[in-house]
Amino acid sequence: GDLKKQVPFLFSLLCLQVIKCKAAVLWEANKPFSIEEVEVAPPKEHEVRIKIMATGICRSDDHVITGALVMPFPIILGHEAAGVVESVGQGVTSVKPGDKVIPLFIPQCGECKSCLNTKGNLCSKTDLGTSAGLMPDGTTRFTCKGKAIYHFLGTSTFTEYTVVHESAVAKIDSAAPLEKVCLIGCGFSTGYGAALQTAKVEPGSTCAVFGLGGVGLSVVMGCKAAGASRIIAVDINSDKFAKAKQLGATDCINPKDFNKPIHEVLLEMTGGGVDYSFEVIGRTDTMTAALACCQYNYGVSVIVGVPPAAEKITFDPMLLFTGRSWKGSVFGGWKSKDAVPKLVADYMKKTFVLDPLITHTLPWTKINEGFDLLRTGK
C-alpha cells in the first residue's frame with residue numbers, strides 16, 4: 001500500500017529531465033535577442049518548471065537592454081507571462097503539473113517583514129534591486145552553448161520553458177485565456193494597483209497620469225474604477241489619446257503643445273493641482289513634474305515607472321514640506337500570490353478589460369520586431 005502511494009512521486013522524479021527548447025537569449029547590452037537552443041534543468045526542491053504559453057513585452061525588459069536597469073549577461077529576459085506547469089520539484093504543494101499559472105516577478109514568501117505586514121508587498125526574496133540573476137540557491141537553471149545563462153527577476157519568460165521558485169508562481173482559473181491574462185503578471189496589475197492599492201484614489205477626485213503605455217492606461221482604468229471625476233492623461237505621443245479616452249481619461253494633453261512647464265499647465269487646469277498624480281514612464285524630469293502638479297497640501301504623487309540607474313533627483317524640499325506625499329509602487333502594491341488569482345477571477349467576471357492593452361500579437365521568434373514596436377510607441 002505504501003509503495004502505491006509512492007509510485008506517482010517516484011514516477012514524477014524519473015520524468016524530471018533536462019528540457020532542450022528555444023529561448024531568446026540576450027548575450028550583451030544594446031544588441032538584438034538571439035533565438036537559441038537552451039537546456040532548462042529540472043526544478044529543484046520548492047521549484048516549478050513552466051511551459052510558457054504567452055508573454056508580454058514590458059519597458060523594464062528594454063531597460064536591461066539599454067543599461068538603465070543593470071543586470072548580468074548573458075540573460076533570458078521576460079517577466080510578464082502565463083503558462084502551464086510542466087513539472088514540480090520536491091516539497092511543492094501549491095501547484096501541480098497541468099495547472100495554469102502566472103509567474104511572479106515579485107514573489108510572496110509569506111515569511112519576510114514585507115510579506116507579514118499588511119501594508120507591504122515587496123517580498124525580500126525578489127531579485128529586483130539585487131541584480132543577482134540567479135535562483136534563490138545562487139545557481140541558474142539555464143545553459144546555452146555550454147555557458148550558464150542568468151535569470152531575470154526570478155521569472156525569465158522569453159523561453160519555451162522556465163523554472164521559478166514556488167513562492168514566485170500563482171495558480172489561476174483553468175478557463176482563463178493565457179494570451180490575455182499574461183498582462184496580469186506585470187503591466188495591468190502594476191498600473192491598476194497603483195491607483196487602487198497604493199494611491200487609494202477616492203470617488204470624485206482628480207488624477208493626472210504621465211505616460212500612456214500599457215501600464216499608464218492601466219492606471220487610467222484604476223482611477224476610473226475608483227470613481228475619479230477627472231483623469232488627465234499626459235503623453236508626448238498624441239496617437240495614444242484615443243485609447244486613453246476609451247478607457248476613462250477625461251482630458252488628454254501633450255506637453256509639446258505648451259510653451260510652459262507641464263506642471264504649471266496642470267495647476268491651471270485644475271485650479272491648484274490634482275489630488276493624485278502618477279509617473280508611469282521612468283524619467284526623473286517627469287517624476288518631479290508629477291510631484292509638482294499635485295495639490296500642495298494633500299496631493300499624492302506615485303512613482304510607477306522604473307527609475308533609471310545612476311540618475312538622481314534634485315528638487316525643492318518645500319514641495320514636500322507643505323504636505324504633499326511622494327510614494328513608490330511596485331507591482332501595484334498587490335501581494336502577488338494572493339492577488340493574481342483574484343485579479344484573473346475579476347477579469348473572467350468582466351470587472352475590467354485587457355484587450356485594449358494588446359496592440360500586436362506576434363510569434364515569439366519575432367521578439368526583436370516586438371521591441372521595435374515598443375520603442376517607436378506603436
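Helices (H or I, at least four residues) and strands (E, at least two) are DSSP runs, numbered from the N terminus. The model is predicted: local features need pLDDT of at least 70, side-chain atom pairs count only at pLDDT 80 or more, and totals for chains, interfaces and linings use all residues. Residues are numbered from 1 along each chain as its sequence is written, and side-chain values use heavy atoms, with hydrogens and water left out.

β14 (residues 300-303) pairs with β15 (residues 325-328) in the parallel sense, over four bridges. Pairing requires at least two DSSP bridges between two strands. Strand β13 (residues 276-279) is also parallel to β14, again with four bridges. Here Tyr 276 has Val 300 of β14 as its bridge partner.

Helix α5 (residues 187-199) contains 13 residues. From first C-alpha to last it reaches 17 Å, close to the 18 Å expected (1.5 Å times one less than the number of residues). The helix bends by about 50° at Gly 193; the bend is the angle between axes fitted to the seven residues ending there and the seven starting there. Eleven of the 13 residues of α5 are buried, so the helix is largely enclosed by the rest of the structure. Among them are Phe 188, Tyr 192, Gly 193 and Thr 198. The buried residues of α5 pack against β13, β14 and β15, and against helices α6 (214-225) and α11 (336-348). Contact means heavy atoms within 4.5 Å. Just after α5, Lys 200 takes a positive phi of about 55°.

Several loop residues were also examined. Arg 141 is found between α3 (113-116) and β6 (142-144). Arg 141 is buried, with a relative accessible area of 2%. Leaving aside neighbours within four places in sequence, its contacts include Glu 39, Glu 47, Met 135, His 151 and Val 163. The C-alpha atoms of Arg 141 and Ile 106 are separated by 19 Å, at 35 residues apart along the chain.

Phe 73 and Pro 74 are joined by a cis peptide bond, with omega about -5°. Pro 74 lies in the loop between α2 (59-66) and β4 (81-88).

Asn 30, in the loop between β1 (19-25) and β2 (34-40), has a positive phi near 55°. Asn 30 counts as exposed, at 56% relative accessibility. Ser 156 also has a positive phi, near 50°. The loop that holds Ser 156 runs between β7 (147-149) and β8 (161-165). At 0% relative accessibility, Ser 156 counts as buried.

An unreviewed UniProt entry places the feature "domain: Enoyl reductase (ER)" at residues 28-377. UniProt positions are given in the numbering used here, feature names are shortened, and annotations may be inferred rather than shown by experiment. The span of residues 28-377 is 26% helix and 19% strand, and its end C-alpha atoms lie 24 Å apart.

Terms used. Buried < 20%, exposed > 50% of the residue type's maximum accessible area, 1.4 Å probe, protein only.
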